[in-house]
Every structure is written in C-alpha cells, then in structure tokens.
Amino acid sequence: MTLSSVVVSLPIADRRTSFTFYRDGLALDAIGEPAEDGVPEPLQFALTDSARLMLVPTGGFGWVIGDHEVAARGHSACVLSLGAGTDAAVDELVERAQQAGAEIVTAPGQLPWGYAGEFADPDGHVWMVTTASSAA
C-alpha cells in the first residue's frame, strides 16, 4: 500500500512560540493563510510534498485523541527523525534549532549506527537529525 499523504500532529502550548520555532529554527514553510494572530490556522508546515506537520494547542488536541492523555512535557512517546545530507548539515540544523529555543538532548556526533544529534522543541517533542543514510 502506498499512502498519498502523511500528517504528523503534535500538541503544543503556544501557537506563536511553535510557529516561530519551526519557521525560524527548522526553516520549514508554513501552509495556509494567517489568522488574526498572524499564525496560520490550522498551524501546519510542509515537511515534504506529501508530508505535513500539524501543531495543535493542547486544549484542542483532546478532541482528536478521545480518552487518551496528552503526554506531559518531558515525556516522549516517539522520536521524529529528519534526514540531512551530511554530517555538517546535521550540525547546522541542530545548531539552528538550539538558537531558536530547542534543548539539546544529544549533541551531534558519531553513533554506532551513524551520525546524529537530537533536540527537544519548545513543547518537549524530541527530534533526531541524522545523515540521510542513517535515517532510512
């Protein structure tokens, strides 16, 4: 089976903070027209031509997940991975994220399975940046 699109949705505490972080820190392109607060609604970013990141305020996230609980900041149920072309590109993206407010979880470096670094976004979601060959 081939999927036509993928949307990863994450709960967030503050739309403006998340918008700025993903736009400036990860250089992602926001999708949609700005709402009254200047942030697109719904808040989405293009990851690839067919993959999107949707950021949903925690209060509104509950209607999607029903009786499941939203994980508290600092509790990760998954790690999101981004493939970069080179070790230097990994270093650059992790540094950009840190300058935009990310917390470094693991500094970029050589691991047994490849070159990678991890950071937590302003809501504590963990992202791994790795060379493209390691991400597959």
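User: Before we start, what are the ground rules on numbering, confidence and atoms?

Analyst: This is a predicted model, so to speak of local features we need pLDDT of at least 70, side-chain atom pairs count only at pLDDT 80 or more, and totals for chains, interfaces and linings use all residues. Residues are numbered from 1 along each chain as its sequence is written, and side-chain values use heavy atoms, with hydrogens and water left out.

User: How much space lies in the largest pocket?

Analyst: A pocket here is an open set of points on a 1 Å grid over the protein atoms alone, where a 1.4 Å probe fits, with protein on both sides within 12 Å along at least five of seven lines. Grid points are joined across faces, edges and corners, and the volume is the space filled by probe spheres set on them. For the largest pocket that comes to about 380 Å³.

User: Which residues are closest to the centre of the largest pocket?

Analyst: Lining residues have an atom within 4 Å of a point. Strand S1 (6–12) and helix H2 (58–65) each give two or more residues to this lining; helices (H or I, at least four residues) and strands (E, at least two) are DSSP runs, numbered from the N terminus. Of the 21 lining residues, the closest to the centre are Pro 11, Val 70, Ala 71, His 75 and His 125.

User: Which element gives the most to the lining of the second largest pocket?

Analyst: With three residues, the top contributor is strand S5 (residues 79–84).

User: How far apart are the end C-alpha atoms of helix H3?

Analyst: H3 covers residues 87–99, which makes 13 residues. The expected span is 1.5 Å times one less than the number of residues, so H3 should span 18 Å. The model agrees, with its end C-alpha atoms 18 Å apart.

User: Within what arc do the buried residues of H3 fall?

Analyst: Buried means under 20% relative accessible area, exposed over 50%, and partly exposed in between (1.4 Å probe, protein chains only). H3's buried residues are Val 90, Leu 93, Val 94 and Ala 97. They line one face of the helix, because the directions from the axis to their C-beta atoms fall within an arc of 95 degrees.

User: Is Glu 92 buried or exposed?

Analyst: Glu 92 lies in helix H3, on the face turned away from the buried side, together with Ala 88 and Gln 99. Its relative accessible area is 51%, so Glu 92 is exposed.

User: And Glu 118, buried or exposed?

Analyst: Glu 118 lies in strand S7. Counting contact as heavy atoms within 4.5 Å, and skipping residues up to four places away in sequence, Glu 118 touches residues including Val 79, Ile 104 and Trp 127. At 17% relative accessibility, Glu 118 counts as buried.
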